[in-house]
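Reader: I would like to go through a model and ask where its descriptions come from. Please show it first.

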Amino acid sequence: MWRLIKALLFLIILAGVCLIAYAYIGPVFFPADFAPPAEEVTAPITLETN
């Protein structure tokens, strides 16, 4: 049972390290995935005053 817990803990730590690495290194290799939308969104707003 202890070996299973150690294996799961190792996999969780490995997944966390991979997620952090993807967040820092990902934009270098996959710039389209991290780019914001290129279109401007406008919407009219009516403000009511007292």
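Author: The questions below take up the descriptions of this predicted model one at a time.

Reader: How many helices and strands does the chain have?

Author: The chain has 2 helices and 0 strands.

Reader: What makes the chain more spread out than a compact globule?

Author: The globule rule gives 10 Å for 50 residues, and the radius of gyration of the chain is 22 Å, well over that value, so the chain is more spread out than a compact globule. Its C-alpha atoms fill a box of roughly 65 × 35 × 10 Å along the principal axes.

Reader: What share of the residues counts as buried?

Author: Buried means under 20% relative accessible area. Of the 50 residues, 2% count as buried. The chain exposes about 5400 Å², and carbon and sulfur atoms supply 71% of that area.

Reader: Why is Leu8 called partly exposed?

Author: The class lies between 20% and 50% relative accessible area. Leu8 has 46% relative accessibility, so Leu8 counts as partly exposed. Leu8 lies in helix α1, residues 2-29.

Reader: Which residues make the nonpolar surface patch?

Author: Leu8 is one of them, along with Met1, Trp2, Leu4, Ile5, Phe10, Leu11 and Leu14.

Reader: How does the reach of α1 compare with the expected span?

Author: α1 has 28 residues, and 40 Å is expected at 1.5 Å a residue. From first C-alpha to last, α1 reaches 38 Å, close to that value.

Reader: Where does α1 have a kink?

Author: The kink, of about 40°, lies at Ala23, shortly before the proline Pro27.

Technical notes
Residues numbered from 1 in each chain as written. Predicted model: local features only at pLDDT ≥ 70, side-chain atom pairs only at ≥ 80, totals over all residues. Heavy atoms only, no water. Patch = residues over 30% accessible without salt bridge, like charges linked within 9 Å, V, L, I, M, F, W, Y side chains within 5 Å. Areas by Shrake-Rupley, 256 points an atom, 1.4 Å probe, with all protein chains shown as cover. Salt bridge = Lys/Arg side-chain N within 4 Å of Asp/Glu carboxyl O. Helix = DSSP H or I, 4+ residues; strand = E, 2+ residues; numbered from the N terminus. Buried < 20%, exposed > 50% of the residue type's maximum accessible area, 1.4 Å probe, protein only. Rg over C-alpha atoms; globule rule 2.2 N^0.38 Å. Expected span 1.5 Å × (residues − 1). Bend = angle between axes of the 7 residues up to and from the residue.
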